[in-house]
Amino acid sequence: MKKGFIFDLDGVIVDTAKYHFLAWQNLANSLGISFSEEQNEQLKGVSRIRSLEKILEWGNKTISEEEFTRLMSEKNEEYLIYISKMDVSEILPDVPRVLDYLISKDQGIALGSASKNARVILDKVDLTVKFQAIVDGTNVSKAKPDPEVFLIGAEELGILPENCVVFEDSVAGVQAANIANMVSIGIGDANILHEADYVFNDFTEIKEEFINNLVTAKKV
Ligand code: BG6
Ligand code: MG
């Protein structure tokens, strides 16, 4: 059986949330808006535009369209400096083991990320070669929880959505996978990701037997 395994990037393959946090925090502070780690949690899986809108809402600020565009590119420039220093040491534990196991089983592997920087990050951590399809923020028009990013991933793999499995760390991403009729696997806190079909703290908890069951299930 060939199934499609679609991986989110930020928070699943690499812990880039800390860099998004630093860049958003600097931007918020420059506007006199306070920005906490709890608020950063709410930006997981959320597009760049929507993230800035939320920060402005939290700070009760209205700005012109020009300033909005300027701030978005300023935030991204700072973020790019952080990610330019990334290397393989930032891959989250056991992600390569799971990817290599899936490759050894001849399964479909795709990336499904909201980030427009996804390809740069995958290159920095030397994982690009593991993916047969890469769908990122430059390919989609609708943000998670819309299932677009995962449906395109399935299509590019040539595998039906109901035969796909999604790994996600965000609530919006889990919802997108569920709407796409895919098996959703939450990576993180089970209380937060309770809508997922399965939840693991991280990939070290995902054993080969579990993957084999997903691969051989008739309709997973
Ligand atoms: C998601 C992140 O993967 O990508 C969000 O969880 C981020 O925090 C979004 O805002 C967009 O990323 P980027 O790199 O295009 O600004
Ligand atoms: Mg994520």
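A residue counts as buried at under 20% relative accessible area, as exposed at over 50%, and as partly exposed in between (1.4 Å probe, protein chains only). By this criterion, both Asp-8 and Asp-10 are buried. The model is predicted: local features need pLDDT of at least 70, side-chain atom pairs count only at pLDDT 80 or more, and totals for chains, interfaces and linings use all residues. Residues are numbered from 1 along each chain as its sequence is written, and side-chain values use heavy atoms, with hydrogens and water left out.

**Strand 5**
- Strand 5 (residues 183-187) is largely enclosed by the rest of the structure, because 5 of its 5 residues are buried.
- Val-183, Ile-185 and Ile-187 point one way from the strand, Ser-184 and Gly-186 the other way.
- Helices (H or I, at least four residues) and strands (E, at least two) are DSSP runs, numbered from the N terminus.

**Strand pairing**
- Two strands pair if DSSP finds at least two bridges between them.
- Strand 4 (residues 164-168) pairs with strand 5 in the parallel sense over 4 bridges, and Val-166 has Ser-184 of strand 5 as its bridge partner.
- Strand 5 also pairs in the parallel sense with strand 6 (residues 198-200), over 3 bridges; Ile-187 has Phe-200 of strand 6 as its bridge partner.

Conventions:
Chains lettered and ligands numbered in written order.
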